[in-house]
Amino acid sequence: MNRVMEKYDAQGKRILLSHGDGGALTKELINEIFFRNLKNDILEKEGDAACLPVLDGAPAMTTDSFVVNPVFFPGGDIGKLAVCGTVNDLAVSGAVPKYLTTGFMLEEGFPIDQLEQIVHSMSVAAKEAGVMVVAGDTKVVERGHLDGIFINTTGLGVLPPWANLGYHRISPGDKILINGGIGEHGVAVMAKREGFDFSVKSDCAALGNIIGLLLKKFKGVKFMRDPTRGGVATALKEIALSCGHDFYLNENSLPIDNEVRSICDLLGLDPLYLANEGKFLIVVDSEECEQIMNELCEHPLGRQSCCIGEVRAGKGNLLLKTAIGGTRRLELFAGAVLPRIC
């Protein structure tokens, strides 16, 4: 155990209300947990606002809050999820992720060593994604007023001149791709929460790199969306409604891990409605589909990429061509399939 943790051990290994009062303990927490893990030239200036260099393109901004339960799960934790989730929202919009801010809401009594692990995980994920955490905030609330830890992250990115995405570009004949297995994050979090002994890990990963490569190389990439809450089916139904065309999925082409499928069959879950945190759906021009697939399969985050369907003229329906030859209509999910998943 390092010197910092020994110091916190002497204080009881737990977050105290005074860690959020803006005084000496707040300063210690910021310096010894947050700055030590996330430090960079902009953050270390300790200004009331992060002063950023002039951006080299039109800005894109997004924000998200993370309340996953449990905070540690196979394949990740709430810190990694907070970085990857926000980076991915920027990336599928066509932006190059640049900067993050983060707000921590902590419950009195939250273990200091777990906070250290979570902030370190954020640091690793941010470096891998090529983004800087440039500002932050910490609040502590009384015991019983919060479930451990919640994190908010806001992301700022830059739209490169070659990014040209939008519902207006989707047209009949386009193909629908995904970069790998479906439903793995939802199953991994659910299994950990319920104490099941499964080997499935969350797919939690930052997609900025692989998406940047595609956008720079292929004009036929027309639209992208990361299928998080509500899963693949809800994401595609929303896109179909917005562009006004019908989307057809081929059940035989869906990349679903055998263990994910078995667990879903056992528990009565549909993997098409389970959350993913390292996957993106892509609508592409059919003429470039094969080249885009080949490029995806060359990347570590795209080796299981598949063409799962196509766009046809219609009125915003999402239809699944089943393995036995039927057709099943898919709708937006109603209610919480699995709550507290991100």
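Is Thr102 buried or exposed? Keep that in mind as you open the model, which is a predicted one.

**Stop 1: Thr102**

Select Thr102. You will find this residue in strand E4. Thr102 is buried, because its relative accessible area is 7% and the cut-off for buried is under 20%. Now show what surrounds Thr102. Leaving aside neighbours within four places in sequence, its contacts include Met122, Val133, Ala135 and Gly136. Asp137, Ile151, Asn152 and Thr153 also touch Thr102.

**Stop 2: the sheet around E4**

E4 belongs to an open sheet of four strands, in the order E1-E6-E4-E5. The pairing in this sheet is mixed. In general, strands of a sheet pair through backbone hydrogen bonds, either parallel or antiparallel.

Look at one side of E4 first. Select residues 96-107 for E4 and residues 149-159 for E6. These two strands pair in the antiparallel sense, over ten bridges. Pick out Leu100, which stands opposite Gly155 in E6. Then pick Thr101, whose bridge partner in E6 is Thr154.

Now turn to E5. E4 and E5 pair in the parallel sense, over nine bridges. Click Leu106 and find its bridge partner in E5, Val140. Follow the chain from E4 through H4 to E5. This β-α-β crossover is right-handed.

**Stop 3: the nonpolar core**

The largest nonpolar core has 75 residues. Select Phe104, Leu115, Ile149, Leu236, Phe247 and Leu272, the residues with the most contacts inside this core. Which helix gives the core its largest share? That is H4 (residues 112-129), with eight residues. A second, separate core has 18 residues, among them Ile211, Val221, Met224 and Met293.

Zoom in on Leu272. Not counting residues up to four places away in sequence, Leu272 touches Ile182, Gly230, Gly231, Val232, Ala233, Leu254, Leu320 and Leu330.

**Stop 4: helix H7**

Select residues 231-243, which form helix H7. Why does a span of 19 Å between its end C-alpha atoms agree with its length? At 1.5 Å a residue, the 13 residues should span 18 Å, so the two values agree.

How many residues of H7 are buried? Ten of the 13 are, and the helix is mostly covered. Colour the buried residues, including Gly231, Val232, Leu236, Ile239 and Cys243. The buried residues of H7 pack against several strands, among them E7 (175-178), E8 (221-225) and E9 (246-250). E10 (281-284), E12 (318-321) and E13 (327-330) are also packed against. Step past the end of H7 to Gly244, whose phi is positive, near 80°.

**Stop 5: Ala188**

Finish at Ala188, in helix H5 (residues 184-194). Ala188 counts as buried, because its relative accessibility is 0%. Apart from residues up to four places away in sequence, Ala188 touches Pro74, Val200, Lys201 and Ser202. Last, draw a line from Ala188 to Gly316. The two are 128 residues apart in sequence. From C-alpha to C-alpha, they are 31 Å apart in space.

Conventions
Residues are numbered from 1 along each chain as its sequence is written. This is a predicted model: local features need pLDDT of at least 70, side-chain atom pairs count only at pLDDT 80 or more; totals for chains, interfaces and linings use all residues. Side-chain values use heavy atoms; hydrogens and water are left out. The expected span of a helix is 1.5 Å times one less than its number of residues. Buried means under 20% relative accessible area, exposed over 50%, partly exposed in between (1.4 Å probe, protein chains only). Contact means heavy atoms within 4.5 Å. A nonpolar core is a set of buried Ala, Val, Leu, Ile, Met, Phe, Trp, Tyr and Cys residues joined through side-chain atoms within 4.5 Å. Two strands pair if DSSP finds at least two bridges between them. A crossover is right-handed if, with the strands pointing away from the viewer, the path from the first strand over the helix to the second runs clockwise.
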